[in-house]
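Notebook open, structure loaded. I want to go through the chains one at a time and jot down what I look up.

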Amino acid sequence: MNQRKYLKVFTKFLHTSLASEFEYKTNILIDLITAILSLIGSIFLLSIFFTNNVRLGGWQFEEALIIQAIYTILNGITNTWFNPNLTEIVKHIREGTLDFVLLKPIDSQFFISFKKINPSGFLEIILGFCLLLFCIRINQINLNLSFLTLSLITIICSICILYSLWFFISTTTIWFVKTWNATEVLRSFLYIGRFPLNSFSFTLRIFFSIFIPIAFITTIPSEVFLGISQFWKIFLEIIVASVFLITSRKFWLFALKFYSSASS
Amino acid sequence: MKKNIIDVRNLSKSFDISSKEPGLKGTIKHFFRRQTKKLKVIKNISFEIKEGEIVGFLGANGAGKTTILKMLCGLIYPSEGSVFVSGNIPYRRKEDFLKNITLIMGQKQQLIWDLPPIESFLLNASIYDLDKLEAKRRIKKLSDMLEIDEELFIPVRKLSLGQRMKSELLAALIHEPNILFLDEPTLGLDINAQRNLRKFLQNYNKETNATICLTSHYMKDITSLCKRVICVDNGSISYDGNLDILLKRLSPVKEILIVCRSEDDAIQLENSGFSVKNKTKNEITIKVENNSIISSLKNILNNFEIEDLYINEPPVDEIIGKILIKKDYDI
């Protein structure tokens with residue numbers, strides 16, 4: 001793979017997406033306000049659960065805020081890249097514009113995953129990181145290289161799991177043509193990731209660890225931040241992320257064999 | 001001798017098609033138990049196309065023209081048979097192959113809607129790994145050929161259909177492909193825009209020796225661009241050859257409108273053994289076979305008092321219309 005070319009194309013995607021979005025200034029402003037209000041609302045909701053110093057699944061409010069911060073970062077990434085691109089796959093397939101993607105000398109998965117960027121999602125990412133820094137301060141977490149490396153690895157793994165799940169569902173459009181609801185269900189499940197996994201019943205914990213691995217997406221990175229995660233969990237998250245990424249890739253290549261293109 | 005750039009052997013394509021009965025009952029039945037059947041849309045076709053050729057694919061809606069084009073450019077997998085395009089198997093979509101071809105569809109667009117076309121061109125240039133200077137040189141060259149200039153800097157959503165189509169062409173040709181697949185490129189364009197597009201394609205073919213495969217329902221596109229046509233009827237090739245020969249075969253007669261000096265001269269002409277189509281006062285229209293047109297004209301000029309005459313070709317649309325309903329052409 002020609003990395004220089006892919007970097008150049010990615011920069012162009014970034015440029016064209018920003019230029020497209022900046023055509024509609026009011027929309028950007030509304031998106032930014034929505035991101036701020038949404039974060040305030042989520043923190044308020046979380047604080048209600050922890051009124052009177054209640055512990056939820058063994059987590060204090062200050063600790064649970066880390067999960068909220070990671071959720072906000074992931075939601076920002078979802079809104080920046082996954083939402084504008086992966087929901088577009090359905091449109092590409094229904095309207096047959098995937099034809100143009102497939103005939104370009106570039107990896108089709110890369111093209112449809114990164115073509116559009118929603119700049120208002122950046123604010124959520126920044127807000128998430130600000131909240132994370134605040135949590136590091138109030139939880140008196142010591143920053144060192146191994147801690148930062150592990151945190152980064154788990155967050156990247158979370159992004160990979162989330163992306164793969166979403167991409168996998170969107171790929172099924174090649175057979176089912178319309179799968180909007182499935183991606184909406186995935187988003188709803190992601191909301192659950194704002195709460196510590198231990199706060200759910202055993203059955204739900206199993207469900208959110210095995211079937212829809214929301215637990216891996218937010219709880220494990222948060223545990224790393226608090227220094228309470230075990231190595232086997234981190235290792236497991238890396239394995240899950242790799243399996244999900246490879247499977248989604250293979251599934252896409254397999255699905256393309258069944259692409260029949262929309263009629264003209 | 002020019003080499004074959006496209007080689008198709010015994011190509012077939014089948015699709016699973018689901019059908020639904022009308023009404024609510026049919027909808028419910030369709031939801032729970034979908035009935036699908038295999039439909040063979042392309043049936044065992046074979047043909048070759050030489051480098052630099054412009055070939056028109058003719059056929060009624062649903063005949064299979066677009067499916068053939070999509071298999072040639074590698075968008076869909078053939079069910080049976082083989083396809084080679086510039087030595088490549090298209091559906092493998094190898095980078096070298098993709099850099100060599102382009103697909104232009106009149107009813108679909110790849111330009112970024114909210115931005116001026118130049119942004120889409122530069123994006124495509126980076127996808128085709130062209131450096132900035134080379135990309136600008138090609139944009140300049142193609143925009144001169146397409147006669148677009150200011151339009152490059154106006155958001156696509158504000159351009160007319162004709163300007164958009166020219167921009168689509170530029171976006172699709174920035175990598176200077178050797179093989180062009182055009183599916184209804186003039187769809188919805190006004191007469192001038194159609195003419196300009198055809199002129200551009202002719203020039204592009206002349207300058208680059210590019211091979212062009214074209215489908216269109218505008219017969220002018222076919223007659224002014226293609227020497228060779230492939231007629232597709234219900235997934236099979238019913239004719240593959242020279243367009244002029246096909247037109248002559250399907251319409252072996254010409255019509256001659258003769259303006260006689262007087263009505264008596266017209267009556268005399270009417271009774272002289274010609275096949276008369278119609279007659280009004282001193283004007284008479286006769287049908288003459290293509291191979292006897294010269295002798296008939298000599299006969300008329302030498303033996304009758306005439307004021308004027310016009311030789312009319314039957315309208316191409318009418319003849320091609322026959323292709324769309326006719327089954328066999330024994331050429």
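With that, residues 24 or more positions apart make up 73% of the contacts in chain B that have a separation of 6 or more. I also note for the record that this is a predicted model.

**Entry 1: chain B overall**

I looked up the secondary structure of chain B and got 12 helices and 13 strands. Then I checked the radius of gyration. A compact globule of 331 residues would come out near 20 Å, but chain B has 25 Å. The C-alpha trace of chain B spans about 75 × 55 × 50 Å along its principal axes. Buried residues make up 36% of the 331 residues in the chain.

**Entry 2**

Next I went to S7(B), residues 211-215. How many of its residues are buried? Five of its five are, which makes the strand mostly covered. In a regular strand the side chains alternate between the two faces of the sheet. I checked the sides here: Thr211(B), Cys213(B) and Thr215(B) point one way from S7(B), Ile212(B) and Leu214(B) point the other way, and all are buried.

Which strands does S7(B) pair with? One is S3(B), residues 54-58, in the parallel sense over four bridges. On that side I found Phe57(B) opposite Thr215(B). Another is S6(B), residues 179-183, again in the parallel sense, over five bridges. There Leu180(B) has Ile212(B) as its bridge partner, and Phe181(B) stands opposite Cys213(B).

**Entry 2: strand S6 of chain B**

Five of its five residues are buried, so to speak a mostly covered strand. One side carries Ile179(B), Phe181(B) and Asp183(B), the other Leu180(B) and Leu182(B), and all of them are buried. I noted Asp183(B) in that buried list.

Ile101(B) is the bridge partner of Ile179(B) in S6(B).

**Entry 3: helix H6 of chain B**

I tested the geometry of H6(B), residues 161-173. At 1.5 Å a residue its 13 residues should span 18 Å, and the end C-alpha atoms are 18 Å apart, which agrees. Is the helix enclosed or open? 10 of its 13 residues are buried, so H6(B) is largely enclosed by the rest of the structure. The buried ones run from Arg164(B) to Leu173(B), with Lys166(B) and Glu168(B) among them. What do they pack against? I got S5, H4 (117-127), H5 (132-146) and H7 of chain B.

**Entry 4: Ser46 of chain B**

A single-residue check next. Ser46(B) lies in strand S2(B), residues 35-50. Why is Ser46(B) put down as partly exposed? Because it has 13 other C-beta atoms within 10 Å, and partly exposed is what falls between 12 or fewer (exposed) and 20 or more (buried). Leaving aside neighbours within four places in sequence, Ser46(B) is in contact with Val8(B), Arg9(B) and Asn10(B). Val8(B) is 38 residues away along the chain, yet the two C-alpha atoms are separated by 5.0 Å.

Over to chain A, which has 12 helices and zero strands. With 264 residues, a compact globule would have a radius of gyration near 18 Å; I read 19 Å for chain A, which agrees. Its C-alpha atoms fill a box of roughly 65 × 40 × 35 Å along the principal axes. Of the 264 residues, 38% count as buried. Residues 24 or more positions apart account for 79% of the chain A contacts with a separation of 6 or more.

Finally, the interface: 23 residues of chain A are in contact with 28 residues of chain B. On the chain A side, H1(A) (3-21) and H4(A) (98-102) each supply at least two residues. The largest share, seven residues, comes from H1(A). That side divides into eight nonpolar, eight polar and seven charged residues.

Methods. Residues numbered from 1 in each chain as written. Chains lettered and ligands numbered in written order. Predicted model: local features only at pLDDT ≥ 70, side-chain atom pairs only at ≥ 80, totals over all residues. Pairing = 2+ DSSP bridges. Contact = placed C-beta atoms within 7 Å. Rg over C-alpha atoms; globule rule 2.2 N^0.38 Å. Expected span 1.5 Å × (residues − 1). Nonpolar A, V, L, I, M, F, W, Y, C, P; charged D, E, K, R; others polar.
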